[in-house]
Every structure is written in structure tokens, then in C-alpha cells.
Amino acid sequence: MDVLVLIDKLDDLVHNAKAVPLTDQVRIDREEIYDILDQMRATIPEEIKQARWIVKERQEMLAEAKRECDRLIGEAREQALREASQTEIVKLAERQSQDIVEEARRDARETRLEMEDWADGILSTLEVNLDKFLGAVRRGRERLHERSQETVVAGIGPIERDGSAAEVDSYQ
């Protein structure tokens, strides 16, 4: 499942939570929150794995482009050596080999730039998604913290995991 979908589910859960009468607090089913958080924990590593795969693919494509460039340069040198016996042919071969080398370099450079742009786009999307996820988590934690503070100020202890009220020490 997509992290953004899970963030939206978490946001909807908090937004649509039932209000506690006569307070600004809401009741949220912890199990639903824990379920969504578990799904997020399972999804984020998969997206990171995909980003790593993309980077690996990019590196392999760059290596292949370099191998092809080296092969073309080697072929150009071999061709130049074969034709080196005659002056006019040597000049022609040098020009052709330079053209081939320049074309190979242009192709390699263009391929590398395209792959970097593609990988950067994927990583940028992942970065945006992670930023949104972190923002949603921060907002959720802030809301929970605010509610917890309101509960303490109202003299009501925090709710334990089992549903019972925790004891609050009074320093009055």
C-alpha cells in the first residue's frame, strides 16, 4: 500500500474521531492507529528498496554506456592503425576516429544525464512522499501531545493501554 494512502487514512481517523462530550478531546481506537502505523512501517522500507534499486539500475546503465564508449574508442583506434599506411587514409581515419570518439562521448554523456534525471525524479518523488509522511506523523504526535496536556491540566490522568485512567500525582 502507498504511504500517502496510509497517511490519509491516519488523518481521516483523527479528523473523524468521536468527540468526548464537553471537551475538545476525541476518542480514537488505538488498534486502528497501531494497524495503520504497522502498515506504514511495512511500506516505507519497500519504497526505500525501490529507490535503491533505481540507483543500482542507473549505475549499471552508466557502466554499460562507459563500456560501449570504450568499445567504440577501441574500434576507432584499431581502424586508425589499419589505415595508417597511407597518408591520406591516415588523415581520414584520424578524423573518423575523432568523430566516433566524440559521438561516443556525447552518447555516453547524454545517457548518463538522462539516467541521472530519471533517478533524480524518482528520488524526488520519494523525498516528497517521505516529507508528507513525516509531516503527518508530526501533526499526529502534536495533536496527541496537546490532548495529553489538556487531560493533565483538566486533572484527568492519561489513559493507560488497558483503558483505565492512570493515577495523577498532585503537587498542590
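Helices α1 (3-15) and α3 each supply at least two residues of the lining of the largest cavity. Helices here are DSSP runs of H or I with at least four residues, strands are runs of E with at least two, and both are numbered from the N terminus. The lining of the largest cavity consists of I7, L10, D11, V14, A136, R139, G140 and R143, and about 70 Å³ of space lies inside. The structure holds one cavity of 30 Å³ or more. On a 1 Å grid over the protein atoms alone, a cavity is a set of points where a 1.4 Å probe fits but cannot get out; a pocket is an open set with protein on both sides within 12 Å along at least five of seven lines; lining residues have an atom within 4 Å of a point. Grid points are joined across faces, edges and corners, and a volume is the space filled by probe spheres set on the points.

The model is predicted: local features need pLDDT of at least 70 and side-chain atom pairs count only at pLDDT 80 or more, while totals for chains, interfaces and linings use all residues. Residues are numbered from 1 along each chain as its sequence is written, and side-chain values use heavy atoms, with hydrogens and water left out.

The second largest pocket has a volume of about 160 Å³. Its lining is made by L10, V14, I28, I33, L37, V137, G140, R141, L144 and R147. Two or more of these residues come from each of α1, α2 and α3, and α3 gives the largest share, five residues.

These helices belong to a protein with three helices and two strands, in the order α-β-β-α-α from the N terminus. Among contacts (heavy atoms within 4.5 Å) between residues at least 6 apart in sequence, 63% join residues at least 24 apart.

I100 is found in helix α3, and leaving aside neighbours within four places in sequence, I100 is in contact with L72, A76 and Q79. I100 and I73 are 27 residues apart in sequence, yet 7.2 Å apart in space, C-alpha to C-alpha. Q79 lies in helix α2 and touches Q96 as well as I100, not counting residues up to four places away in sequence. From Q79 to A93 the separation is 14 residues in sequence and 7.1 Å in space, C-alpha to C-alpha.

Buried means under 20% relative accessible area, exposed over 50%, and partly exposed in between, with a 1.4 Å probe and protein chains only. I100 is partly exposed because its relative accessible area is 27%, and Q79 is partly exposed because its value is 23%. R58, in helix α2 (residues 30-82), is buried because its relative accessible area is 18%. Apart from neighbours within four places in sequence, R58 is in contact with M115, E116 and A119. Of the 172 residues of the protein, 24% count as buried.

W118 lies in helix α3 (residues 87-153) and is partly exposed, with a relative accessible area of 39%.
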